[in-house]
Amino acid sequence: MANKGLLVHTALGLYCPKADVYLDPWKPVKKAILSHGHADHARWGSSSYLCTPTAAPVIKYRLGDINLETLPFGEEKLINGVSFSFHPAGHILGSAQIKVSYKGEIVVFSGDYKTANDGFSEAFEPVKCHTFITESTFGLPVYHWQDQKWVFNEMQEWCKNNRNNGQLSILYGYSLGKAQRILQGLPESVGPIFTHSTIEAVLNVMRNQGVSLKNTVTVNEHLTRAELLSGVIIAPPAVQNSNWLKKFEPIRNGVVSGWMALRGARRRRNADKGFVLSDHADWEGLNEAIGLTGAENIFVTHGYTDILSKWLIDKGLNAHPLETNFEGDEVL
Amino acid sequence: MPILWKQISKGMRYFETLFLCLEETTKTNEKVTALIDYLSSVPDEDKMWMIGIFSGRRPKRTVSTKNLRRWAAEKAAIPLWLFEESYHIVGDLSETIALLLPPPAIEVQKSLNEWIQLILSLDKMEEDKQREIVFDAWDSLNTSSRFIFNKLITGGFRVGVSQKLMAKALAEFTHIDPSDIALKLMGEWSPLTYSFQSLLENEENEGSHSRPYPFHLAYSINEVTDLKGEPTDWVAEYKWDGIRGQAIFRHGHYFLWSRGEELITDKFPEFEHLISVIPPGTVLDGEILPFKDGLILPFQHIQTRVTRKKITPAILKVNPVVFRVYDLLEWEGKDIRSKPFIERRTLLDQLFASIDSYLPLQLSPVLPFDEFDELKILREASSENGSEGLMLKNKHSTYSAGRKKGEWWKWKIDPFTVDAILIYAQSGHGRRANLYTDFTFAVYSQEGDLLPFTKAYSGLTDKEFIEINQWIKKNTLERFGPVRKVTAELVFEIAFEGIQESKRHKSGIALRFPRMVRWRKDKVVAEANTLEDLQLLLKKSR
Ligand SMILES: [Zn+2]
Ligand SMILES: [Zn+2]
């Protein structure tokens, strides 16, 4: 990589040889710095971890008894003369871009990010750098997000309609990130919010760390259908075709994901309704963020790497695709 | 703003809402409700365009897709390569364009008819002028309306509205009998010339001369013991394996329709002589069969007749056909479909008594039998007579539209074949890595869902195999890995050894040893078997 060897691309992940540190490594290493707690970024087995204080509780909850240190946003940590700092990525609670600098050379690894402020995650902050390693999950010009207010309104109308038809509304979103965003974004008028237990577990971890979240009720056998009908259920995507749902019929499935922008994806997901709401930047967001870093070198990972790189090269930037093992948290 | 009925549905938005609703719901009732909501909200021209579009009568294409792609890239301010990459990933041209364009400057509400008229006006216009008009349209539509606008230009609304479903909705809306509506929706008409009023009225017009009756179809049985009543209630005939056709002789004109509601008069010019023999006001139902030197030939021989653009004298000589008639639907200008089968058949016999035998017209013989058990023997001998089994028709049955249980049964020699719709193709391994060898087939459920139910390997001729491979490449909707999703358009006959219930498949059905027997180029998707047929087979095989 053209950053004077400050960060190199290895089989284990992005590596800083000078500090002997890996960023979001895919395999166990000695020292790991994590951008956020999604499973394709925070993996089990490393000897020590560093992340932001807000991301830490969920990472601990997911990875178990690990050796975890935290570093607040904007503060520096020196490891063998190399400076590391976290800057908000706006992706989920506690998600960070990782800034690495050494002798005036600055590299920023974006992790996953979105530029729009969702009102819950720490809002994205652009960081000036020489080299920017950007994700590209939605790096195609067909992806253009609507304001989230619009989407939540749409959700509310949908829930209301379903209720009038005697159908139970189920919204599917990842337990870490999307579920909190749905919970906090839904207008009060949708009624009580019921959750699947895996989502409730994550919510409770966050409540325990002092994050203020709306009240929820875990779905349980004592709830009557009438009670459930008065509100809406939030469940993880994995549940969609499981037996868990059988007892709730008739239901309507609302899938909440950036991929829902495409009709084909909606059909494949068997969604009665697709809500286009993503925790990743859309095409404009990616381009805007890349521009704001002022970086002369761009490495593109995690998504449509070839297409976004080619586009950036067309625009006169020094861009390269970087193949990675990030599977993406918004995979179908 | 959320998309909701009544609230914002103006102009083409009604159609857009209907389209999204039809696409999103799998339930027949919801589809019918959405269709009725649409019908009660829009002007008559928009009603007819909707019916036309969903029955394959889309407006003429006036702009090439090549130009559309170029213009869309230009309007979106992206290079063409990026447009093509996006299209490749989205898989639908209209959708790609709709998503790529910048937000509209101002939203303009026009009716479906107004937009279609605008699109039609582009015909033979200079390219620059076309471009300007298309840009204006894009500038005045939001993303989902643009998608519809683009679809109107490119055609291809492949949404599950069967003729039956449409007739049902229209019948509920107009309080006209569904079978009357179905009849009026058939034949050659265009939303440009056929008004909603004429659909309601019983008036005669140009189109009504050519209009066929909806075909009556047979259910499959596996055992004669399933037949109700006495042997004397039933008529047995051979089941012919050709192209089902309806020959219409009215007002000195002759028309031939296939079961897929396709006018195939030109493909079979030899039948034109029949005008001088068959009295006007006659409609015959039968099977077009490849026939040479007194023998019925295998089905493939008739394929060339249907697929060739131009029928030359040479083809007529190499692939001669006969029309083997088994029913009479109109006689002396009167619709006699409500007469019992046996009466229609008697009239048909009388008609044939006066026809010379040198003509390419034959009567499908009635097979005498006294006991149901004798049918087994007849069925076993059927292949020697060039047929694929027996047809058993209830003597008292009327000729109703579509399938009706207990009226016509087909009892095939190989009980296990279904006509299914190709939906996915997967490439092979190694040497065959760039060839599609592995196909997934689907049938429609009653709700109009296309449900995959089996995979089958090619049993096609090499020529067909190459043809289907080329077709797949041109008709890919989406790709995932080695799999391509293709437009649901082609029908194949699948033969198999057994049928079982399966919890694993969404269709609830698994087949044993399925194989593709042939490509039914003569059939359209609406003519393929349905999930109901499969479920019936399943029930019978238990
Ligand atoms: Zn993530
Ligand atoms: Zn990720």
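Donors here are N, O and S atoms within 2.8 Å of the metal (3.2 Å for Na, K and Ca), and water is not among the atoms, so sites may look incomplete.

Two notes on what you see above. This is a predicted model, where local features need pLDDT of at least 70, side-chain atom pairs count only at pLDDT 80 or more, and totals for chains, interfaces and linings use all residues. Residues are numbered from 1 along each chain as its sequence is written, chains are lettered from A and ligands numbered from 1 in the order in which they are written, and side-chain values use heavy atoms, with hydrogens and water left out.

I start with the zinc ion that is ligand 2. Its protein donors are A:D40 (OD), A:H41 (NE2), A:D112 (OD) and A:H302 (NE2), at 2.1 to 2.7 Å. The four donor atoms subtend angles of 80 to 158°, so the arrangement is irregular. Along the sequence, the donor residues are spaced D-H-x70-D-x189-H. A:D112 also bridges to the zinc ion that is ligand 1, and the two ions lie 3.6 Å apart. A:H41 lies in the loop between β4 (31-33) and β5 (48-51) of chain A, and A:H302 in strand β18 (residues 297-303), so this pair ties together parts 261 residues apart in sequence. Helices (H or I, at least four residues) and strands (E, at least two) are DSSP runs, numbered from the N terminus. Are these two histidines, A:H41 and A:H302, buried or exposed? Both A:H41 and A:H302 are buried, where buried means under 20% relative accessible area, exposed over 50%, and partly exposed in between (1.4 Å probe, protein chains only).

A:T134 is in strand β11 (residues 131-136) and is buried, at 0% relative accessibility. Beyond its neighbours within four places in sequence, its contacts include A:S110, A:Y113, A:F299 and A:T301; contact means heavy atoms within 4.5 Å. A:R252 belongs to strand β16 (residues 251-256) and is buried too, with a relative accessible area of 11%. Leaving out residues up to four places away, A:R252 touches, among others, A:W158, A:D272, B:K27 and B:E30.

Now chain B. Helix α2 (residues 28-39) has twelve residues and reaches 16 Å from first C-alpha to last, close to the 16 Å expected at 1.5 Å a residue; the expected span is 1.5 Å times one less than the number of residues. Nine of the twelve residues of α2(B) are buried, so this helix is largely enclosed by the rest of the structure. Those buried residues pack against α1 (13-24), α3 (44-54), α7 (112-121) and α10 (163-174) of chain B.

Last, the rings. Rings of Phe, Tyr and Trp (its six-membered ring) pair if their centres lie within 6.5 Å; planes under 30 degrees apart count as stacked, over 60 as edge-to-face and the rest as tilted. There are 28 aromatic pairs over all chains. B:F268 and B:F271 are stacked, 6.0 Å centre to centre with 25° between the planes. B:Y399 and B:W408 have centres 5.8 Å apart and planes at 85°, so that pair is edge-to-face. In chain A, ring pairs link A:F138, A:Y143, A:W145 and A:W259 into a cluster.

Note on methods
Tetrahedral: all angles 85-135°; square planar, octahedral: opposite > 155°, others 65-115°.
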